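Colleague: I would like to learn how to read the features of a structure such as this one. May we take them in turn?

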Amino acid sequence: MTLRAVVRGVGHKLPDRVVPNAAFEQTLDTTDEWIRTRTGIERRHFAAEGETTADLAVAAAEAALRDAGMRAGDLDAIILATSTADLTFPSAATMVQARLGMSGGFAFDVQAVCAGFVYALANANALILSGQARRALVIGAETFSRIMDWTDRSTCVLFGDGAGALVLEAEDGTGTVDDRGILATDQHSDGRYRDILYVDGGPSTGHTGYLRMQGREVFRHAIEKLTATTEAALAKAGLNSGDVDRLVPHQANIRIIQGTARKMGLPMERVVVTVQDHGNTSAASIPLALSVGSRNGWIKPGDLVVTNAIGGGLAWGSVVIRW
Ligand code: UT7
């Protein structure tokens, strides 16, 4: 018997407010045409005044629990990937824990920026395989609109708010790649590149700060590192890109998604793309795409699904899941 962390449920929450590219033409020297052709983004959702990362996370978590047919009391752990926790501490995960009415188990945040959900899944998998949790709720939730410099056209048109969640449960598998659940994970970071994507605030500065990015530099690393980590994760499971039914990449830029798929030899029909509707929602982008993809029938039970992401740190990684 081989223990596996199997996906039991998935859900998401997007704020009601949808902002099309054209809205930025009023205040910035930019165009819908530039944003669309350079990034693939057409619109994004922004949280309402007072709507928090925890609000979005709770709604996504409730949807995932409903989908799994479980209640919060059934969970042993909550892992929440975010770089926009509402307060410095306590963690957003403990706020979600309280609001779900879960008083047992444990909850914590993972902060690996856009790679956060991949890191959170890898952590949840490790907790489940080591017997420290049987059921884990893994959430990616962000309100990047709170850390945007609205005068910087090179960043503020790229990001959006939202949340997605998965419920994982331990199940005995046979040890083959036909097992449902997480089959392999791969994680990396390289802090030498910390200056190409960061927030210029925090406790050391006395203000929350704004996201700063050298987009071209991040782009330069993205396709190569994403392809390498995805192929490494597949190889750990004894698989290769020809086995992939659905690539569910971090949704930052359609050109990065297409470039990675091309490098892996995957046709775009096998790639789940939501960047046009969500923009870059950092750690929320993969669970949002998994939830939308599963709801729309693009991802079906039994599919071999591979996720990958790269972001601030730099931090990057990939997870292979039999859905
Ligand atoms: O999720 C975390 C990881 N982040 C990413 O994966 C982001 C990776 N980077 C990217 O997606 C792209 O680099 C961007 C979308 C950020 C930028 O696209 P690019 O094709 O790399 O453009 P660029 O930065 O090389 O800029 C090209 C031009 C510049 O003008 P000059 O210097 O050529 O005159 C920019 O000033 O486009 C200009 N520009 C804009 N023009 C109109 C930058 N932002 C805008 C804008 N509207 N919003």
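**Reading the model, feature by feature**

Modeller: Let us begin with one residue and its surroundings. Leaving aside neighbours within four places in sequence, Arg246 is in contact with Glu269, Arg270, Val272, Trp298, Ile299, Asp303, Leu304, Val305 and Val306. Please keep in mind throughout that this is a predicted model.

Colleague: Turning to the overall division, into which domains is the protein chain divided?

Modeller: A domain assignment gives the bounds of each part. Here domain 1 spans 2–173 and domain 2 spans 181–322. Contact between them takes 52 residues from domain 1 and 51 residues from domain 2. Their C-alpha centres are 14 Å apart.

Colleague: How much area is buried between domain 1 and domain 2?

Modeller: Buried area is the accessible area that two parts lose on being put together, summed over both. For domain 1 and domain 2 the value is about 3800 Å², and carbon and sulfur atoms give 64% of it.

Colleague: How many salt bridges and polar pairs does the rule find across this interface?

Modeller: A salt bridge requires a side-chain nitrogen of Lys or Arg within 4 Å of a carboxyl oxygen of Asp or Glu. The rule finds 2 salt bridges across the interface of domain 1 and domain 2. It also finds 15 residue pairs in polar contact there. On the side of domain 1 that touches domain 2, the elements giving two or more residues are β1 (2–13), α1 (32–39), β3 (43–46), α4 (116–129), β6 (135–143) and β7 (161–173). By class, that side of domain 1 has 26 nonpolar, 16 polar and 10 charged residues.

Colleague: How many salt bridges does a search of the whole structure find?

Modeller: The search finds 15. Another salt bridge is formed by Asp277 with Arg43, with a distance of 2.4 Å between the closest N and O atoms.

Colleague: Let us consider the ligand. Which residues around the ligand come nearest?

Modeller: There are 24 residues around the ligand, and those that come nearest are Thr30, Arg38, Arg216, Asn253 and Asn280. One then examines individual atom pairs. A polar side-chain atom of Arg38 is 2.7 Å from a ligand oxygen. For Arg216, the distance from a side-chain N or O atom to an oxygen atom of the ligand is 2.6 Å. The corresponding distance for Asn253 is 2.7 Å.

Colleague: Finally, the backbone. Which residues does a cis peptide bond join, and which residue has a positive phi although it is not a glycine?

Modeller: For a peptide bond, one reads the omega angle. Phe89 and Pro90 are joined by a cis peptide bond with omega about 5°. Pro90 sits in the loop between β4 (77–81) and α3 (92–100). The bond from Gly313 to Leu314 is also cis, with omega near -10°, and Leu314 lies in the loop between β12 (304–311) and β13 (315–322). As for phi, Val113 has a positive value of about 50° although it is not a glycine. Val113 is in the loop between β5 (106–110) and α4.

Note on methods: Residues numbered from 1 in each chain as written. Predicted model: local features only at pLDDT ≥ 70, side-chain atom pairs only at ≥ 80, totals over all residues. Heavy atoms only, no water. Contact = heavy atoms within 4.5 Å. Buried area = accessible area lost by both parts, 1.4 Å probe. Polar contact = N/O pair within 3.5 Å; in protein donor to acceptor, adjacent residues only side chain to side chain. Helix = DSSP H or I, 4+ residues; strand = E, 2+ residues; numbered from the N terminus. Nonpolar A, V, L, I, M, F, W, Y, C, P; charged D, E, K, R; others polar. Near = heavy atom within 4 Å.
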